[in-house]
Amino acid sequence: MRLIGKPAKHIHMSERETWATRAGFILAAVGSAVGLGNIWQFPFKTAQFGGSSFLVVYLIAVLGIGLPAILAEFVIGRKANLNTIDAFEKLGYRNWRIVGVLGLATGFWILSYYSVVGGWVLRYIAGSLTGAYFGDPAAYFGQVSAGMDALVLHAVFMALVIGIVALGIEDGIEKATKLMVPSIVVILIALAVWAFTLPGAGEGYAYFLSPNFDALTANFTEIVPFAVGQAFFSLSLGMGAMITYASYIDGDESLFSDSLTIVVLNTFVGVLAGLVVLPLLFAQGIDPNTSGAGAVFVSVATAFAELPAGNILGFFFFVVVLVAALSSAISLLEVVVSWAVDNTSYSRPVIATGLGSVIFALGIPSAWDTAWLTWFDTLAYQLLLPLSVLGILVFVGWVYGRPALAELLKGSNAGEGLGLTWLWTARTVVIAGVVGTLILGFQTLFVGGAIVPPF
C-alpha cells in the first residue's frame, strides 16, 4: 500500500496502491470507458449523423485510432507507475510533463459538466418511479436540467464520486467497478431483448445498422471529427485516466490483450445501448434525429411515458445510465487525486473532497444553464481531447520510441513485428487521423464561432 504524502520522486512501486487482480484493472478501465459517452452520447450522435454511416466511421476510429492510442497511454502508466504528470519526468522527459498537465486538465474540465448530467440521471430515476415526466417530458427536462434543482443534484452526484474515490484503489474503485460493469451489461441486454419485441423496432435496427454511404459522403467533414472525438470520449482517452489506471498495475500482463478486451467491451456496450434506444424510439414513432444535451432524456422519457410499465422500464434504463456515469466519473476524479496523493502530505479522503469540490464549482455554470454545458462539451470534443491524445502519441511514437515498444511487449506473446506495426501505426496513421480531426474541429470552433462562451 502507498505511504501517503511522499513527493513523486521518492515514490516506489511497493508504496503505491495496486489493483488486487488483473480482472479488477480491466473492469475498472472498462468502467472508465463505459460511461455517458456510450449511453447518453453514442445512440444520439449515431442518430444525428445518419445512423449506421456514423457507426461505420466510429468503429474504424475505435480500432484504427482508439486502440493504438490506449496502448500508448497504458505503456506510459505501467512503465512509470506514477500519476499522469510526474510519469513523464520519471521516464526522463521532464519537459513533456505539459502533456500530462493537459490530460489532467481535460479530465478536470469534462468531469465538471459530466457531473451535471449525472445529476439529471438521479432526477430521472426518481421521475421514472413517480411518473413525474410522463405528462410532458420536454417541459420536465426544462424544469430539472438547469437552475437550483440541477445544481443540488450536481452536488449529490459529485458527493457519490468523491465517496468512492476516497476509499482508494482496491477498496473503492476496484470493488465498485466489479459490481458496476457486469450490472450495466446484464441490464442493457435485458432491455435490448425487451426492445426487440416492440412493434416497429425493425425500423430502428435498419436505421442503426444499415450503412447509408450517401449520408456519409454528404456529411463527411462533420461526421469524422465527431466520430473520432466520440472514440476518444468513450474510451476515456486524452483525460489522463488510462495512464493513471495503468500506473496501478503490479505485474507484466499483456497490454495487447487487456486493451483489446477493454475496446471490445466498451464498443459492445455502446452498440447495445443503440439497440435499446433506437428501436424504442422508432416503436413509439419518435424522431431519433435530435441533438442537444437533453436529447436522450426527452426522447427516451417520451417513449417510456407511452409504454405499459414505462415507469419500471424507465427506472432500470436510468439506473444503467447512472452506474455508467459513476464508473467513468470516478476515473476522472482519480486522475487529479492520484497526482495530489503522490505530491502532498494530505490523506486521500481530504484530497478527494477538496478537488471534488473545486470540480463541482467549475460545473456550476453548466448546471445553471445548458448552453454552458453544450459549450464545455464542444470544447472538450473538438479541442481538448484530440490535442491531449496528439501529445501522447507524439511522445510515445517519436520521442520515447524503442523503450515504449519494449514495455508494450512485456508479458505479451506478440512478436516484435506486431509491436513495430503498433509503433509505426501510432507514429503515422493515428497521428495523421488526430491532426485531421483537430483541423476539422478548429473549423467548428473558430470559423463556426463555437469557441465563444455563451455569455
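Analyst: A crossing is left-handed if the near helix is turned anticlockwise from the far one by less than a right angle, and right-handed if clockwise. The model is predicted: local features need pLDDT of at least 70, side-chain atom pairs count only at pLDDT 80 or more, and totals for chains, interfaces and linings use all residues. Residues are numbered from 1 along each chain as its sequence is written, and side-chain values use heavy atoms, with hydrogens and water left out.

User: Which handedness has the crossing of helix 5 and helix 18?

Analyst: Helix 5 passes helix 18 in a left-handed crossing.

User: What makes helix 5 roughly antiparallel to helix 18?

Analyst: Helix 5 (residues 97-130) and helix 18 (residues 370-400) pack at an angle of about 150°, with their axes 9 Å apart. Angles over 145 degrees count as roughly antiparallel (under 35 roughly parallel, 65 to 115 roughly perpendicular, the rest oblique), so helix 5 is roughly antiparallel to helix 18.

User: Why is His154 called buried?

Analyst: Buried means under 20% relative accessible area (exposed over 50%, partly exposed in between; 1.4 Å probe, protein chains only). His154 has 0% relative accessibility and therefore counts as buried. The residue lies in helix 7 (residues 148-166).

User: What makes the pairing of the His154 and Ser115 side chains a polar contact?

Analyst: The two side chains make this contact at 2.9 Å. A polar contact is a pair of N or O atoms within 3.5 Å; within protein, one must be able to donate a hydrogen and the other to accept it, and residues adjacent in sequence count only if both atoms are side-chain atoms.

User: Why is helix 11 described as largely enclosed?

Analyst: Twelve of the 15 residues of helix 11 are buried, so the rest of the structure largely encloses this helix. Among the buried residues are Phe226, Phe232 and Phe233.

Terms used:
Helices (H or I, at least four residues) and strands (E, at least two) are DSSP runs, numbered from the N terminus. Axes are lines fitted to C-alpha atoms, for helices over the stretch in contact, and angles run from 0 to 180 degrees between N-to-C directions.
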